[in-house]
Amino acid sequence: SKDEITAAYSETYQNLLKVAVKNHGKSLMMFDLTPDKVIPELLPIGVAEAAERADNVHTFSTKHNVFGEELWQLLTPKIFTEVRVKSQLLRLKGVIDRIQVYENSVLPVELKTGKMARDGVWPSHRVQVAAYIMLLREKFRKPINEAVIRYLDHNSSKNVVMNPYMELEVRELTEKVIRLLQSSSIPKPCGRESCRCNR
């Protein structure tokens with residue numbers, strides 16, 4: 001049943017969260033974070049993820065009357081998390097929060113917490129998912145033209161549609177970063193109060 005699938009996913013996520021918190025205990029302590037603070041804060045994200053995955057599996061299984069290994073082979077979309085991508089050609093690499101793999105395409109999904117832009121998405125988020133689209137196009141050799149940014153604190157999703165200007169922006173920023181890393185001079189402060197380089 002859907003409830004059983006949800007419970008199985010939820011149990012898995014809770015166990016993974018406990019292991020992750022235990023393995024990174026020393027790092028968390030550096031930020032004055034303890035397991036009793038971290039786990040309750042992150043658990044709702046895992047519960048929501050479990051419900052979404054369970055719905056995907058149950059809906060597909062019911063519609064096509066498939067189970068077990070056959071279900072996994074036929075399941076669309078297949079959802080993968082923490083997907084590492086790298087390209088020598090693009091000189092980019094990253095870890096995509098989630099990709100949804102369909103028969104003819106792949107959809108990157110970036111999960112964000114914190115404030116959400118009133119209109120559209122934050123420029124840095126747009127550039128990030130544009131770079132992911134470029135990386136996934138190379139990896140899968142499929143026409144990928146869209147990404148989703150999910151703002152978890154607002155329970156809202158925003159689509160980002162790729163265009164040639166975004167690809168050019170990613171390439172130009174990549175060049176700037178490479179030049180900066182190869183330079184022996186320290187960049188000038190940006191002048192903004194909120195910027196760390198002024199502190």
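**Entry 1: what covers helix H6**

I looked up what lies over the buried residues of H6 in this predicted model; the cover includes S2, H5 and S5. The buried residues of H6 are Met166, Val170, Thr174 and Ile178. I then asked why these four lie on the same side of H6. They do so because they cover an arc of only 115 degrees around the axis. On the other side of H6, I noted Pro164, Tyr165, Lys176 and Arg179 as exposed.

I also checked the span of H6, which runs over residues 164-182. Its 19 residues reach 27 Å from the first C-alpha to the last, close to the 27 Å expected at 1.5 Å a residue. At the start of H6, I found a side-chain oxygen of Asn163 within 2.9 Å of the backbone nitrogen of Tyr165.

**Entry 2: the sheet**

I turned next to the strands. Five of them form an open sheet in the order S1-S2-S3-S4-S5, and the pairing is mixed. Which strands are at the edges? They are S1 (78-87) and S5 (156-161), each of which pairs on one side only. From one strand to the next, I recorded an average twist of 35 degrees.

**Entry 3: helices on the sheet**

I looked up two helices that pack on this sheet. Helix H3 (residues 35-64) touches S1, strand S2 (92-101) and S4. The direction of H3 makes about 110 degrees with that of S1. Helix H5 (residues 123-140) touches S1, S2, S3, S4 and S5. The direction of H5 makes about 150 degrees with that of S3.

**Entry 4: strand pairs**

I went through the pairs in turn. S1 and S2 are antiparallel and share nine bridges; across this pair, Arg84 stands opposite Val95 in S2. The hairpin of S1 and S2 has four residues between the strands, and there Arg91 takes a positive phi near 60 degrees.

S2 and S3 also run antiparallel, joined by four bridges. Ile99 has Pro108 in S3 as its bridge partner. A hairpin of four residues leads from S2 to S3.

How do S3 (residues 106-112) and S4 (residues 146-151) run, parallel or antiparallel? I found them parallel, with four bridges between them. Glu110 stands opposite Ile149 in S4.

**Entry 5: burial of S2**

Lastly, I asked how many residues of S2 are buried.

How values were computed
Residues are numbered from 1 along each chain as its sequence is written. This is a predicted model: local features need pLDDT of at least 70, side-chain atom pairs count only at pLDDT 80 or more; totals for chains, interfaces and linings use all residues. Side-chain values use heavy atoms; hydrogens and water are left out. Two strands pair if DSSP finds at least two bridges between them. Axes are lines fitted to C-alpha atoms, for helices over the stretch in contact, and angles run from 0 to 180 degrees between N-to-C directions. Contact means heavy atoms within 4.5 Å. Buried means under 20% relative accessible area, exposed over 50%, partly exposed in between (1.4 Å probe, protein chains only). The expected span of a helix is 1.5 Å times one less than its number of residues. The arc is that of the directions from the helix axis to the C-beta atoms. A polar contact is a pair of N or O atoms within 3.5 Å; within protein, one must be able to donate a hydrogen and the other to accept it, and residues adjacent in sequence count only if both atoms are side-chain atoms.
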